Amino acid sequence: MKGLRITLSILLSFALIAALAACGGGKTEKVRIAEVTRSIFYAPQYVAIEKGFFEEEGLEVELTTTWGGDKTMTTLLADGADVALVGSETSIYVYAQGSNDPIINFAQLTQTDGTFLVSREKLDNFEWDDLKGSTFLGQRKGGMPQMAGEFVLKKNGIDPQNDLNLIQNVDFANIPSAFASGTGEFVQLFEPQASIFEAEGIGYIVASFGEESGHLPYTTFMAKESYLKENPEAAEKFTRALYKAQQWVENNPASETAKVILPYFEDTSVELIETVVDRYKSQGSFATNPILDQDEWDNLQNIMDTAGELPQYVEYGTLVNTTIAEEVMEE
């Protein structure tokens with residue numbers, strides 16, 4: 001009997017392997033991602049790769065950093081990528097230009113602005129009125145950081161054009177060095193630069209533009225409508241892997257996330273990465289699920305409109321597809 005049980009077990013194992021092979025269980029599908037920049041802000045994406053969540057879904061991810069919203073969208077439109085990780089405002093810009101294959105937001109990664117207000121002087125009791133009459137080194141005009149920044153200033157009773165000396169002609173990559181060399185009394189910075197300046201005594205974080213501007217689809221995964229229609233299983237697997245990573249980041253300490261994503265930031269210490277992850281996590285910047293909701297979409301367009309950068313209002317359902325995310329979350 002013992003020999004018979006072993007034989008049956010072996011036969012069942014072979015049958016299972018054959019069944020998996022027959023239904024394509026061993027097939028791996030490649031998905032090419034173009035990310036707008038390399039940032040700790042995108043920690044869940046790197047966790048999904050490093051923890052093997054994409055691999056578990058039978059996906060081979062090819063990640064390319066395209067350095068800029070325009071370049072990222074150009075890459076997606078030219079079929080140089082299947083999926084783009086970039087701000088949702090870019091999908092609105094493309095739609096307004098009359099695209100016949102619109103770019104659809106199908107999975108959200110970050111849900112707040114990722115910049116911080118850094119003061120040259122240590123201000124223990126910062127008030128937004130402290131900016132009035134100062135020189136403010138802001139972000140590039142037309143970009144989401146600048147739009148969110150000006151939205152927050154106006155929300156706090158500050159006219160960016162008249163109440164301060166606003167500098168917006170410095171390239172994104174050169175803003176930190178410009179501040180470090182003495183330009184401006186305040187600057188709007190992403191992490192980890194804000195924390196680096198604080199550690200070095202160059203500046204001090206006094207406010208978060210992410211907390212002040214509220215939830216919005218700051219960075220989302222998007223694809224051409226045609227790609228989602230032609231590759232529904234790949235999109236579902238992709239979103240499922242992302243959701244696993246989002247939950248992993250939410251349920252594990254920042255120190256563990258920092259260790260996992262360290263290979264993507266070789267010139268940054270694991271301690272600094274932990275500080276940044278903890279800061280973003282504590283203010284709710286990482287979306288804990290892939291759904292981009294109506295309120296976030298409306299807030300985005302309100303911020304764009306306030307900045308004079310909204311080419312036209314776009315209905316939520318036109319460029320947002322939550323069906324995939326909802327199905328994944330119901331499993």
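## Stop 1: a tucked-in threonine

Select Thr 72 and show its neighbours: leaving out residues up to four places away in sequence, Thr 72 touches Ala 34, Glu 35, Val 36, Thr 66, Ala 84, Leu 85 and Val 86. Contact here means heavy atoms within 4.5 Å. Thr 72 belongs to helix α4, residues 69–77. Helices (H or I, at least four residues) and strands (E, at least two) are DSSP runs, numbered from the N terminus. Is Thr 72 buried or exposed? Thr 72 counts as buried because its relative accessibility is 0%. The cut-offs are under 20% relative accessible area for buried, over 50% for exposed, and partly exposed in between (1.4 Å probe, protein chains only).

A quick note before moving on. This is a predicted model, where local features need pLDDT of at least 70 and side-chain atom pairs count only at pLDDT 80 or more, while totals for chains, interfaces and linings use all residues. Residues are numbered from 1 along each chain as its sequence is written, and side-chain values use heavy atoms, with hydrogens and water left out.

## Stop 2: the sheet

Now colour the open sheet of five strands, which has the order β7-β6-β8-β5-β9 and mixed pairing. Look at the edges: β7 (165–167) and β9 (204–208) each have a single partner strand, so one side of each lacks a neighbour in the sheet. Two strands pair if DSSP finds at least two bridges between them.

Zoom in on β8, residues 186–190, where five of five residues are buried. In a regular strand the side chains alternate between the two faces of the sheet. Show the side chains: Phe 186, Gln 188 and Phe 190 point one way from β8, while Val 187 and Leu 189 point the other way.

Which strand pairs with β8 in the antiparallel sense? That's β5 (residues 115–119), over five bridges, and Ser 119 has Phe 186 of β8 as its bridge partner. Then pick β6 (residues 135–137), which runs parallel to β8 and is joined to β8 by two bridges. Here Leu 137 is partnered with Val 187 of β8.

## Stop 3: rings

Switch to the aromatic side chains; there are 16 aromatic pairs. Rings of Phe, Tyr and Trp (its six-membered ring) pair if their centres lie within 6.5 Å; planes under 30 degrees apart count as stacked, over 60 as edge-to-face and the rest as tilted. Select Phe 54 and Phe 238, a tilted pair at 5.0 Å centre to centre with 40° between the planes. Phe 54 sits in helix α3 (residues 53–56) and Phe 238 in helix α11 (residues 232–251), 184 residues apart. Phe 54 is buried, with a relative accessible area of 4%, and Phe 238 is buried at 1% relative accessibility.

Phe 116 lies in strand β5 and Tyr 280 in helix α13 (residues 270–282), 164 residues apart. Both Phe 116 and Tyr 280 are buried.

While Phe 116 is still on screen, show Arg 279, whose charged end sits over the Phe 116 ring, 5.7 Å from its centre. That label applies if NZ of Lys or CZ of Arg is within 6 Å of the ring centre and within 35 degrees of the ring normal.
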